[in-house]
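Take a look at the sequence and the model below.

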Amino acid sequence: AQNDAAEPVVRAILDDVRARGDDAVLELTRRFDAPQARALAVPRAAVDDAVARVRETPLWDALERSADRIRALHERQRRQS
């Protein structure tokens with residue numbers, strides 16, 4: 001469904017990101033998602049900790065199967081040149 005009221009808001013956000021790049025994304029992240037955000041990159045230690053918590057769960061297996069399926073799909077779609 002089309003929402004005419006949302007379109008100008010979305011256009012303004014896209015224009016801001018095109019003009020200011022990561023600075024705009026970080027500002028918008030603070031505004032909409034995480035007021036405490038200080039950077040866009042997730043610290044390596046946080047990634048390692050998250051992986052360690054999930055690695056031995058069914059979620060990890062599902063993520064690996066999904067990645068394998070996505071990889072296989074794109075391998076089949078690859079153009080031969």
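## Charge

The protein carries 15 positive and 15 negative charges, and their mean positions are 4 Å apart. Lys and Arg count as positive, Asp and Glu as negative, while His and the chain ends are not counted. Each charge is placed at NZ of Lys, CZ of Arg, CG of Asp or CD of Glu.

This is a predicted model: local features need pLDDT of at least 70, side-chain atom pairs count only at pLDDT 80 or more, and totals for chains, interfaces and linings use all residues. Residues are numbered from 1 along each chain as its sequence is written, and side-chain values use heavy atoms, with hydrogens and water left out.

## Overall fold

The protein has four helices and zero strands. From the N terminus on, the order is α-α-α-α. The radius of gyration is 19 Å, well over the 12 Å that the globule rule gives for 81 residues, so the protein is more spread out than a compact globule. That radius is taken over C-alpha atoms, and the rule is 2.2 Å times the number of residues to the power 0.38. Helices (H or I, at least four residues) and strands (E, at least two) are DSSP runs, numbered from the N terminus.

Along the principal axes, the C-alpha atoms fill a box of roughly 40 × 40 × 30 Å. Here is one pair to find in the model. Arg18 and Ser66 are 48 residues apart in sequence, and their C-alpha atoms are 31 Å apart in space. Arg18 lies in helix H1. Its relative accessible area is 64%, so Arg18 is exposed.

## Surface and packing

Of the 81 residues, 7% count as buried. Buried means under 20% relative accessible area, exposed means over 50%, and partly exposed lies in between (1.4 Å probe, protein chains only). The protein exposes about 7,300 Å², and carbon and sulfur atoms supply 54% of that area. Accessible areas come from the Shrake-Rupley method with a 1.4 Å probe; for residues, only the protein chains shown count as cover.

Which residues of helix H2 are buried? In H2 (residues 22-32), they are Ala24, Leu26 and Leu28. The buried residues of H2 pack against helix H1 (6-20). Contact here means heavy atoms within 4.5 Å.

## Salt bridges

How many salt bridges does a search of the whole structure find? The search finds eight. A salt bridge is a side-chain nitrogen of Lys or Arg within 4 Å of a carboxyl oxygen of Asp or Glu.

Start with Asp16 and Arg20. Their side chains meet in a salt bridge, 2.7 Å from N to O. The two are four residues apart in helix H1, so about one helical turn separates them. An α-helix has 3.6 residues a turn, so residues three or four places apart point the same way. Asp16 is partly exposed at 23% relative accessible area. Arg20 is partly exposed too, at 35%.

Helix H3 (residues 44-54) holds Arg44 and Asp48, four residues apart, about one turn of the helix. These residues form a salt bridge, with the closest N and O atoms 3.1 Å apart. Arg44 counts as exposed at 61% relative accessibility, and Asp48 counts as partly exposed at 39%.

Glu75 and Arg78 also pair up: their side chains meet in a salt bridge of 2.4 Å, N to O. Glu75 is partly exposed, with a relative accessible area of 43%. Salt bridges that share partners join Asp16, Arg20 and Glu27 into one network.
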